[in-house]
Amino acid sequence: MTRVEPSHASAGPRLAARSRGATGVSSARLAWRQYRLERRMFWRNPSAAFFGVVLPLGLLAIFGAVFAGRDEDLDVIVPGIAGMSVMSATFTSLAYNLTTLRERGILKRLRGTPLPTSSYVAGLAANATANALLQVGIVLVVGNLVFGVAWPGDWLSLAVFVCAGVVSFALLGVALSHAIPNPESAPAYVNAIFLPQILIAGVFYDTEQAPNVIRDVAQALPLTHLVNGLSGAIVDGEGVGAHWVALLVLACWGVVGGVLAVRGFSWEARREG
Amino acid sequence: MMEAMTAIQVTGLTKAYGSNEALRGVDFTVARGEVFGLLGPNGAGKTTTVEVLEGYRRRDAGAVEVLGFDPGTRPAALRERVGIVLQSCGTYPHLTVAETLEHFAALYPAPRRVDEVIALAGLEECAKRRARTLSGGQARRLDFALALIGDPELVFLDEPTTGFDPGARRAAWDVIRALRDLGKTVVLTTHYLDEAQTLADRVAILQGGLIVAEGPPDQLGASRYRVSWRAADGSVEERFTEDPTALLAQLTADALARGERLEELSVTRPSLEDVYLELTEAVA
């Protein structure tokens with residue numbers, strides 16, 4: 001560390017000349033900066049980039065190869081993996097990242113700066129949304145170009161369900177992060193919820209052939225309804241009206257997630273002292 | 001005291017965690033431009049006090065004013081003027097030192113220049129390295145740099161040199177002295193009494209949620225002198241007095257009358273460490 005140059009020693013007049021308070025930094029600009037920072041960090045983090053881009057592509061490639069030529073099965077996995085991608089881009093990554101940010105003390109550090117909470121949350125949310133759109137886009141494009149699945153029949157319905165999925169799963173992810181005690185146990189908590197859900201929600205196979213018990217359980221889960229809505233929009237060209245129950249269930253989960261996310265929020269890791 | 005001269009005013013501050021009364025009525029004032037040291041053993045309430053001032057914790061009772069604001073309401077105008085070095089606090093692992101500082105600089109209305117802060121914190125060699133590759137000492141320098149990037153008027157340093165090697169500590173001390181030379185107010189909590197003795201204009205010793213002593217570090221307990229010598233039977237004798245002149249006159253007269261010498265006679269003013277240990281051990 002070095003001495004301060006004399007030119008900075010005249011901090012007094014400079015401080016006095018500043019009109020503090022009146023010239024806060026615009027919160028919209030700060031949200032945009034936070035978003036760009038999150039994007040940059042996403043691409044620099046190998047595991048995030050892997051789970052965000054390579055995993056949905058890989059699953060699509062594997063199941064696409066297995067189901068090659070069987071249009072009915074391909075029509076299941078394209079909306080299925082699209083729905084799974086929305087969940088992993090929002091729920092999984094927010095639960096995991098917030099736990100880590102809290103444990104590392106980064107949230108506490110940010111709390112001590114002038115960064116408005118709204119700007120920070122907006123930046124995080126925009127980043128999760130961008131990842132969800134990126135992954136759904138990859139799935140649709142590869143599904144069409146490689147496996148010959150038709151382009152979505154109802155783009156509006158697709159947009160509505162992607163948005164509903166992003167909001168609900170993002171809020172649920174934030175809520176779950178409060179329950180995770182430390183980053184080491186985060187994968188266990190997240191996968192305990194994520195894995196069973198993608199297995200029974202009709203991501204990889206048509207649930208009509210599943211036993212009733214599994215179908216009943218699946219009906220209560222948000223991913224099932226997201227996949228149903230996406231399937232209607234992508235495969236059957238059905239509008240939002242045809243799947244309003246699915247939208248309602250997603251909204252209910254979103255409300256539950258929202259309440260838990262806000263009530264449980266903590267900027268600091270639980271520590272003694 | 002004039003409002004403009006006071007950086008921090010704390011009156012009757014209390015804070016309890018459940019049944020544990022962490023702060024039981026803390027009062028102190030920090031003047032602008034002063035380096036104020038807050039000392040005390042673990043659990044004495046140092047961090048709780050500082051975190052109330054920083055706006056991280058809500059107080060139960062008492063009045064607290066920081067740069068004229070109530071930190072409990074977390075006003076943005078206050079956060080723009082305060083820099084914080086927390087005890088253990090990470091940064092984004094995938095960003096370089098320079099990128100991290102650029103990002104945080106943008107949060108403040110009138111930040112210092114990034115290259116200037118990098119030089120101030122001694123991070124020139126690591127500016128292009130990602131934060132996760134930094135050593136512990138380098139990460140701590142980044143903490144310093146992040147606290148200074150907004151060009152704050154007031155800087156909180158919570159045990160800033162814990163875990164530093166001696167060279168890094170000296171370097172950190174230079175930064176703190178530089179802050180004082182810039183006219184910044186610094187609130188420093190520390191375990192290291194030499195650190196407080198060297199850097200602080202004034203210290204307060206916190207014990208059991210109360211301030212038990214306050215003043216310039218070399219004047220704490222200055223009224224009590226310790227006089228010691230080795231008696232004729234070989235044992236070490238010691239006396240404490242507020243008037244060493246009279247005590248010495250009496251001791252030497254008695255010794256001469258007995259035909260003895262006062263071997264190893266010494267008169268010492270208690271160091272900050274003596275005062276600290278006496279106060280914190282007596283109560284504990």
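What share of the contacts in chain B between residues at least 6 apart in sequence join residues at least 24 apart? The share is 66%, and the report below sets this value beside other features of a model that is predicted.

## The model and its confidence

This is a predicted model, and its overall scores are ipTM 0.82 and pTM 0.83. For chain B the mean pLDDT is 89, with 96% of the residues reaching 70 or more.

## Chain A in outline

Chain A is built with 11 helices and zero strands, so that its elements, read from the N terminus on, run α-α-α-α-α-α-α-α-α-α-α. Along the principal axes its C-alpha trace spans about 75 × 40 × 35 Å, and of its 273 residues 42% count as buried. Of the contacts in chain A with a separation of 6 or more, 82% are accounted for by residues 24 or more positions apart.

One residue that illustrates such a separation is Ala61(A), which lies in helix α3 (residues 46-66) of chain A. The C-alpha atoms of Ala61(A) and Phe147(A) are separated by 9.1 Å, although the two residues are 86 apart along the chain. Ala61(A) has 14 other C-beta atoms within 10 Å and is therefore partly exposed.

## A helix pair in chain A

Two packed helices are described by the angle between their axes and the distance between the axes. In chain A, helix α10 (residues 222-236) and helix α11 (residues 244-263) have axes that come within 9 Å and cross at roughly 145 degrees, and the crossing in which α10(A) passes α11(A) is left-handed. On the side of α10(A), the contact is made by Pro222(A), His225(A), Leu226(A), Asn228(A) and Gly229(A), while α11(A) contributes Ala246(A), Leu247(A), Val249(A), Leu250(A) and Trp253(A).

## Chain B in outline

Chain B holds nine helices and 12 strands. Its C-alpha atoms fill a box of roughly 75 × 45 × 35 Å, taken along the principal axes, and buried residues make up 39% of its 284 residues.

## The nonpolar cores

The largest nonpolar core has 71 residues, and those that touch the most other members are Leu101(B), Val117(B), Ala145(B), Phe156(B), Val186(B), Val187(B) and Leu188(B). Helix α5 (residues 136-148) of chain B gives the most to this core, with six residues. Val187(B), once its neighbours within four places in sequence are left aside, is in contact with Ile8(B), Val30(B), Phe36(B), Leu38(B), Val50(B) and Phe156(B). A second, separate core has 61 residues, including Val78(A), Leu94(A), Ala175(A) and Leu223(A).

Ala200(B) lies in the loop between α7 (193-199) and β8 (202-207) of chain B. This residue counts as buried because it has 24 C-beta neighbours inside 10 Å, the cut-off being 20 or more. Leaving aside neighbours within four places in sequence, Ala200(B) is in contact with Val35(B), Phe36(B), Gly37(B), Leu188(B) and Pro217(B). The C-alpha atoms of Ala200(B) and Gly215(B) are 9.9 Å apart in space, the two residues being 15 apart in sequence.

## A three-stranded sheet in chain B

Strands of a sheet pair through backbone hydrogen bonds, either parallel or antiparallel. In chain B, three strands form an open sheet in the order β11-β10-β12, and the pairing is antiparallel. Because β11 (236-241) and β12 (263-268) of chain B stand at the edges with a single partner strand each, one side of each is left without a neighbour in the sheet. From one strand to the next the twist averages 10 degrees.

Strand β10 (residues 225-230) of chain B pairs with β12(B) over four bridges, and Arg226(B) stands opposite Thr268(B) in β12(B). Six bridges join β10(B) to β11(B), where Tyr225(B) stands opposite Thr241(B). The hairpin of β10(B) and β11(B) has five residues between the strands, and in this hairpin Gly234(B) takes a positive phi near 95 degrees. Of the six residues of β11(B) the number buried is zero, so this strand lies largely in the open. Helix α8 (residues 244-258) of chain B lies across β10, β11 and β12 of chain B and runs at about 20 degrees to β10(B).

Notes
Residues are numbered from 1 along each chain as its sequence is written. Chains are lettered from A and ligands numbered from 1 in the order in which they are written. This is a predicted model: local features need pLDDT of at least 70, side-chain atom pairs count only at pLDDT 80 or more; totals for chains, interfaces and linings use all residues. Two strands pair if DSSP finds at least two bridges between them. Helices (H or I, at least four residues) and strands (E, at least two) are DSSP runs, numbered from the N terminus. Axes are lines fitted to C-alpha atoms, for helices over the stretch in contact, and angles run from 0 to 180 degrees between N-to-C directions. Two residues are in contact if their C-beta atoms, placed from the backbone, lie within 7 Å. A residue is buried if 20 or more other C-beta atoms lie within 10 Å of its own, exposed if 12 or fewer, and partly exposed in between; C-beta atoms are placed from the backbone. A nonpolar core is a set of buried Ala, Val, Leu, Ile, Met, Phe, Trp, Tyr and Cys residues joined through C-beta atoms within 7 Å. pLDDT is the predictor's confidence in each residue, from 0 to 100. A crossing is left-handed if the near helix is turned anticlockwise from the far one by less than a right angle, and right-handed if clockwise.
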